[in-house]
Amino acid sequence: MSPQPQAAVGAPLSRVDGRLKVTGRAMYAADQRVRGMVHAVVVDSTVGRGRITSIDTRAALAQDGVLKVIHHRNAPKLPYNANPGSLNLPGERLRVFQDDEVRFRGQPVAVVVATTLEAAQHAASLVKVDYDSERPATDLADAPAADNPRTYARGDADQALRDAPVRLDMTYGMARNHHNAMELHATVARWKAGTLTLWDKTQWVQSPRAQLAADFGIAPESIRVLSPFVGGAFGNAARAWPHITIAALAAREVRRPVKLVLTRAQLYSAVGYRPAYEYKVRLGSDRRGRLLAMTHDLRSETSRYETFVDRGVVSPGQMLYTTPHVSQRASTVPLDVNTPTPMRGPGYATAAFAIESAMDELADELGIDPIELRQRNEPDNDQSNDKPFSTRRLRECYSIGAREFGWDRRNPKPRSTRDGNWLIGTGMATALYDTLRQPAQAHVRLDADGTARIETATSDMGPGTYTSMTQVAADALGLTVRNVDFRLGDTDMPVAPIHGGSLTMASVGSTVQDGCDKLRRQAIELAVNDQESPLYRVDAGDVVVRGGRLHVAADPARGETYRQLLVRNRRTHLESTGAYTPPPGEARTSMYAYGAVFAEVAVDARLGLVRVRRMLGVFDAGRIISPKLADSQAIGAMVGGIGSALLEHTVTDHRDGRIVNANLADYLVPVNADVPDLKAIYVDGRDDEVDPLGVKGLGEVVLVGVAPAIANAVHHATGRRVRQLPITAEALLGS
């Protein structure tokens, strides 16, 4: 821990970049204006599988302002070298305009470049493409699983199930979900003197740099990627998608900067999504509800050209509850679709819906309170690896949540509570997400005027990286927040890991803390060795900095400001490099964030409409750096969970692979009226096993338990168990 007074960390500060955003001065990728810029519009395939037999571009090229139409018959062959610096998946990434094969509906088959966006859009509509097509396979339910499934086993689950006094067998389904962030994916590409500059929507500036270096066969150092602001992403900007290669290729071909902005409809095929799942659970217990065995059989969709595996989907089944006998089989199903990608709470949100629904079904079968059932199966250690937990305060989450939510007023009998024509139900679920950390670096500079600048190539897609890092830096340097300038989103800055997986605060935050601590100690050493300083010959360990002033901790009157110190010593600035690397080797403990989510719903008895009345989440997420940002994260995640539980469902026409609801009118997401009363509570504490800041990461765990809590509340309200997300009126009213 830092010896510094903590004035900024833990304070509910407003976003330091908030004014830029509300005044429109925050520049997103599509806002960039580059001299000589032209516009590109992608032409998508209209079949789900087949080959291109002809492309007629004459009408498009005849339009005023059209510069070029690029497709597989005139595009240069790109090397598409191996890419060790990005998020590689097994298989072969999509190689745009390199052959005539169509692998999924919406695959880019051409790009029109014109002097205006309107000209490019009109010309794109005139490109005529003929295909030799066949019916695609896009239905997870009708497709066989791939070979080589991931498996896990301990004990003998099949025998234990046969011997168990209580046995349940359930199959759950989760529909495909799309991220639908407010900001469209956009890229501006400019070649100049052999170097490429890319302004891009990305959660990791290193990823498009590595991808384009591999695609074009050029040195990564000749590519600069800038992404200072991201208007939401939730995982779909975590890797580089084919449109960035298209933009860079188009810019090189027409020798002018090119802007390419995907349409809302194109986001349903040009970037990834949370894959659809079928998740079968069998469980056995004794009569008191103690789990004896569980089996998990999972099937998820992926593309044929790459294999996407939802990280973490198997972890909850291995360690969430005390279970002596466990077996798992997780398979991917290759389909004629584009490649999935992580979506908030990746894997864990999917597994939690199945496991937490199954636990409630067991509680109902045995007549045991759902919280009590979970308490009875709370493990002493991580049974998947026999390691102790770094911290695991789920019992506190349960008890605090039950008290604050009023769980003791709950009548356990389904359909027992009404409000007029509305059936009222309450439910709860456990949440968890593993704690990830990766190496990072940051540059810190303190100028003689007493202001500091910190730079690192991380990102901020909405959780408030600018603000939380400013808070950490301000306390470590002993400055006010207004005197700290934190910058990010540029490959010219020190390297940082992907902004995702709830690892940014632990990784980049620890790096910022390290760099600022080093610089503060530099200043203190300079002062205690300076004969003209009031701190001359003071023990460096006795000096702290507050408000830009170095002073003896026990004697605040004895000290001086950074400015006085640097000016007297003729220093224009001090600087340092911060670094953080997780300890080498295997971790000593099992490190997860946890939570308990409570939901109250009302279901119209005649129409089957579900409304969330209130929701509470209680989380064990270590130290909370910024309570206001944490609340924003938690409430936003609850909104997303409501969408997954009740509304979000990508609908595919399996005849040709067309996504029927590829727009925000038909792909439903929650609105303000859907979220009346949401609240989050954080268990006080820190986890020093994880990282120097004691944080565990918050952005994923706050979503994981939401959908199962709502599903369990719907069952309590109606007596009907819906095992397929989203929960629809048809499912509640059907026989």
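**Entry 1: a lysine in a loop**

I began with Lys-696, which I found in the loop between β29 (678-682) and α15 (701-704). Helices here are DSSP runs of H or I with at least four residues, strands are runs of E with at least two, and both are numbered from the N terminus. A note on what I am reading: this is a predicted model, in which local features need pLDDT of at least 70 and side-chain atom pairs count only at pLDDT 80 or more, while totals for chains, interfaces and linings use all residues. Residues are numbered from 1 along each chain as its sequence is written, and side-chain values use heavy atoms, with hydrogens and water left out.

Is Lys-696 buried or exposed? I noted a relative accessible area of 1%, so Lys-696 is buried. (Buried means under 20% relative accessible area, exposed over 50%, and partly exposed in between, using a 1.4 Å probe and protein chains only.)

Next I looked up what surrounds Lys-696. Leaving aside neighbours within four places in sequence, I listed its contacts (heavy atoms within 4.5 Å); among them are Thr-391, Thr-435, Ser-502, Tyr-592 and Asp-620. Thr-435 is 261 residues away along the chain, yet its C-alpha atom and that of Lys-696 are separated by 5.6 Å.

I then checked polar contacts. These are pairs of N or O atoms within 3.5 Å; within protein, one must be able to donate a hydrogen and the other to accept it, and residues adjacent in sequence count only if both atoms are side-chain atoms. The side chain of Lys-696 has one of 2.6 Å with the side chain of Thr-391. A polar atom of the Lys-696 side chain also lies 2.5 Å from the backbone oxygen of Tyr-592.

**Entry 2: helix α3 and its two sides**

Which residues of helix α3 (residues 117-126) are buried? I wrote down Ala-119, Ala-120, Ala-123 and Ala-124. They sit on the same side of α3, because they cover an arc of only 130° around the axis; the arc is that of the directions from the helix axis to the C-beta atoms. An α-helix has 3.6 residues a turn, so residues three or four places apart point the same way. On the other side of α3, I found Glu-118 and Ser-125 exposed. The cover over the buried residues includes β1 (38-44), α2 (58-61), β3 (66-71) and β5 (108-114).

**Entry 3: the seven-stranded sheet**

I traced an open sheet of seven strands with mixed pairing, in the order β3-β5-β1-β12-β9-β10-β11. (Two strands pair if DSSP finds at least two bridges between them.) β3 and β11 (223-226) each have a single partner strand, so one side of each is left without a neighbour in the sheet. From one strand to the next, the twist averages 20°. (Axes are lines fitted to C-alpha atoms, for helices over the stretch in contact, and angles run from 0 to 180 degrees between N-to-C directions.)

β3 and β5 run antiparallel and are joined by five bridges. One residue I looked up there was Ile-70, whose bridge partner in β5 is Val-111. Helix α3 packs on this sheet: α3 touches β1, β3 and β5, and its direction makes about 20° with that of β1. Helix α5 (residues 206-216) lies across β9 (186-192), β10 (195-200) and β11, at about 145° to β11.

**Entry 4: salt bridges**

I counted a salt bridge when a side-chain nitrogen of Lys or Arg is within 4 Å of a carboxyl oxygen of Asp or Glu. By this rule there are 43.

Arg-176 and Glu-301 form one, with their closest N and O atoms 3.0 Å apart. Arg-176 is in the loop between β8 (166-174) and β9, Glu-301 is in strand β14 (residues 291-303), and the two are 125 residues apart. Both Arg-176 and Glu-301 are buried.

Another joins Arg-568 and Asp-530 at 2.7 Å, N to O. Arg-568 counts as partly exposed at 24% relative accessibility, whereas Asp-530 counts as buried at 10%. I also noted a network of salt bridges that links Arg-49, Glu-134, Arg-304 and Asp-336.

**Entry 5: strand β18**

In strand β18 (residues 440-447), I found a covered face of Ala-440, Ala-442, Val-444 and Leu-446, and an uncovered one of Gln-441, His-443, Arg-445 and Asp-447. In a regular strand the side chains alternate between the two faces of the sheet. Eight bridges pair β18 with strand β24 (residues 573-580) in the antiparallel sense.
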